[in-house]
Amino acid sequence: MSTQEFDVVVVGGSLAGCTVATLLARKGLKVALIEHHVQDNDYKHLCTHFIQASAMPVMRRLGVDRLIEEAGAVRNSIEIHTPYGWVGHHLGAGQDGSPLHGYNIRRSKLDPIMRAMASATQGVTMMSGWSIKGLVEQEGRIAGIELASADRQVTLRSYLLVAADGRNSPLATLAGVKAKSAPNRRFAIFAPMRHVDLRRGNTSQMWLTGSE
């Protein structure tokens, strides 16, 4: 089994993982980005296609706002219909005076764009098709990770290990970090529709029904 040295190892090559890997590498760190899917065009299927405006500062910092607009992303906001009437989300402008907005873009386009951006960043080593097999411990702390692919095994040693592998994180489970959860009686169905006249301008619309 070979051993490689990095400053940071990020497990999970989706939106969060690609973001942290890119930003850390731009600061001069040597980063390994681990993704268990083999295909770089893989994407999260169970997700909405609406990005809230709160993500805009990071997207602009990454430069990914320009990339997704070139791929057809639509600038957008959202309005919600409640039992008490419409609630509008009027965003105004940011600190630099530019208008704040969200985006609509399919994850089938967004995820590969983020992964390509991270892969092209100097200092990022993209490792696709690898699975977690164990943690490396040294003097009572986690000092790396053991990985396996279809025909290889490798140990990555690092100062920092980042779990960006989503809900029910396998990495967190290996590290003994217990999940925190709370009862949630909310239920929602999201459905993209075509050729439907919008009643509130050109913004995304959501209807909240029921008593809770």
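This is a predicted model: local features need pLDDT of at least 70, side-chain atom pairs count only at pLDDT 80 or more; totals for chains, interfaces and linings use all residues.

Me: Which residues of helix 1 are buried, and what covers them?

Reply: An α-helix has 3.6 residues a turn, so residues three or four places apart point the same way. In helix 1 the buried residues are Gly17, Cys18, Thr19, Ala21, Thr22, Leu23 and Ala25. Their cover includes strand 2 (8-11), strand 3 (31-35) and strand 9 (124-128), together with helix 2 (56-62) and helix 4 (107-119).

Me: How do helix 1 and helix 4 pack?

Reply: Two packed helices are described by the angle between their axes and the distance between the axes. For helix 1 and helix 4 the angle is about 25° and the axes are 9 Å apart. Angles under 35 degrees count as roughly parallel, and the two helices are therefore roughly parallel to each other. Their crossing is left-handed.

Me: In what order do the three strands of the open sheet lie?

Reply: Strands of a sheet pair through backbone hydrogen bonds, either parallel or antiparallel. Here the order is 4-8-5, with antiparallel pairing. Strand 4 (50-51) and strand 5 (74-76) are the edge strands, each pairing on one side only. Strand 5 is joined to strand 8 (residues 102-104) by three bridges; Asn76, for instance, has Gly102 in strand 8 as its bridge partner.

Me: Is Val9 buried or exposed, and which residues does Val9 touch?

Reply: Burial is read from the relative accessible area, and under 20% counts as buried. Val9, in strand 2, has a value of 0% and is therefore buried. Beyond four places in sequence, Val9 touches Ala32, Ile34, Ile145, Leu156, Ser158, Leu160, Leu161 and Val162.

Me: Why does Thr82 count as buried?

Reply: Thr82 counts as buried because its relative accessible area is 15%, and the cut-off is under 20%. Thr82 belongs to strand 6 (residues 78-82). Leaving aside neighbours within four places in sequence, Thr82 contacts Val87 and Leu208.

Methods: Residues are numbered from 1 along each chain as its sequence is written. Side-chain values use heavy atoms; hydrogens and water are left out. Helices (H or I, at least four residues) and strands (E, at least two) are DSSP runs, numbered from the N terminus. Buried means under 20% relative accessible area, exposed over 50%, partly exposed in between (1.4 Å probe, protein chains only). Contact means heavy atoms within 4.5 Å. Two strands pair if DSSP finds at least two bridges between them. Axes are lines fitted to C-alpha atoms, for helices over the stretch in contact, and angles run from 0 to 180 degrees between N-to-C directions. Angles under 35 degrees count as roughly parallel, over 145 as roughly antiparallel, 65 to 115 as roughly perpendicular and the rest as oblique. A crossing is left-handed if the near helix is turned anticlockwise from the far one by less than a right angle, and right-handed if clockwise.
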